[in-house]
Amino acid sequence: QVQLVESGGGLVQPGGSLTLSCAASINIATINTMAWYRQTPGSQRESVARMTRLGGTDYADSVKGRFTISRDNAKNTLYLQMNSLRPEDTGVYYCYAFILTTMTMTAANYWGQGTQVTVSP
């Protein structure tokens, strides 16, 4: 069982910055894909940024140029640096991990508990 623990959320003014962290209970270098999702009340969870095991990244159009996903394999931690924050970035941010075990051909999805980000004057 993989555990993901997010931290770093909070209240920030528009134009401000926050860095979210996601600490994993396993070696993240073995995780096929890790990502950050966000969800607002009444809306579906949406992908914000993702990173593959080989380091490839992808971002939602709404955050391109403002958010940066990164990781520290030595710390087994995924990060999301968020700059130039806007009120519409408000939501609960979730860390996600997808693991494909090729020996057994099984796939598993894991989610953290979420961390609240509020962008407001």
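**View 1. Trp111 at 36% relative accessibility.** Trp111 counts as partly exposed because its relative accessibility is 36% (buried means under 20% relative accessible area, exposed over 50%, partly exposed in between, with a 1.4 Å probe and protein chains only). This is a predicted model, in which local features need pLDDT of at least 70 and side-chain atom pairs count only at pLDDT 80 or more, while totals for chains, interfaces and linings use all residues. Residues are numbered from 1 along each chain as its sequence is written, and side-chain values use heavy atoms, leaving out hydrogens and water.

**View 2. Tyr37 meets Tyr96.** Here is one of the four aromatic pairs in the structure (rings of Phe, Tyr and Trp, its six-membered ring, pair if their centres lie within 6.5 Å; planes under 30 degrees apart count as stacked, over 60 as edge-to-face and the rest as tilted). With centres 5.6 Å apart and planes at 70°, the rings of Tyr37 and Tyr96 are edge-to-face. Tyr37 is buried at 13% relative accessibility, and Tyr96 is buried at 10%.

**View 3. Tyr94 meets Trp111.** The ring centres of Tyr94 and Trp111 lie 6.5 Å apart with planes at 85°, so this pair is edge-to-face. Tyr94 is buried, at a relative accessible area of 13%.

View 4. Tyr37, Tyr94, Tyr96 and Trp111 make up one aromatic cluster. Look for the charged end of Arg45 over the ring of Tyr94, 3.6 Å from its centre (a charge sits over a ring if NZ of Lys or CZ of Arg is within 6 Å of the ring centre and within 35 degrees of the ring normal). The charged end of Arg45 also sits over the ring of Trp111, 4.6 Å from its centre.
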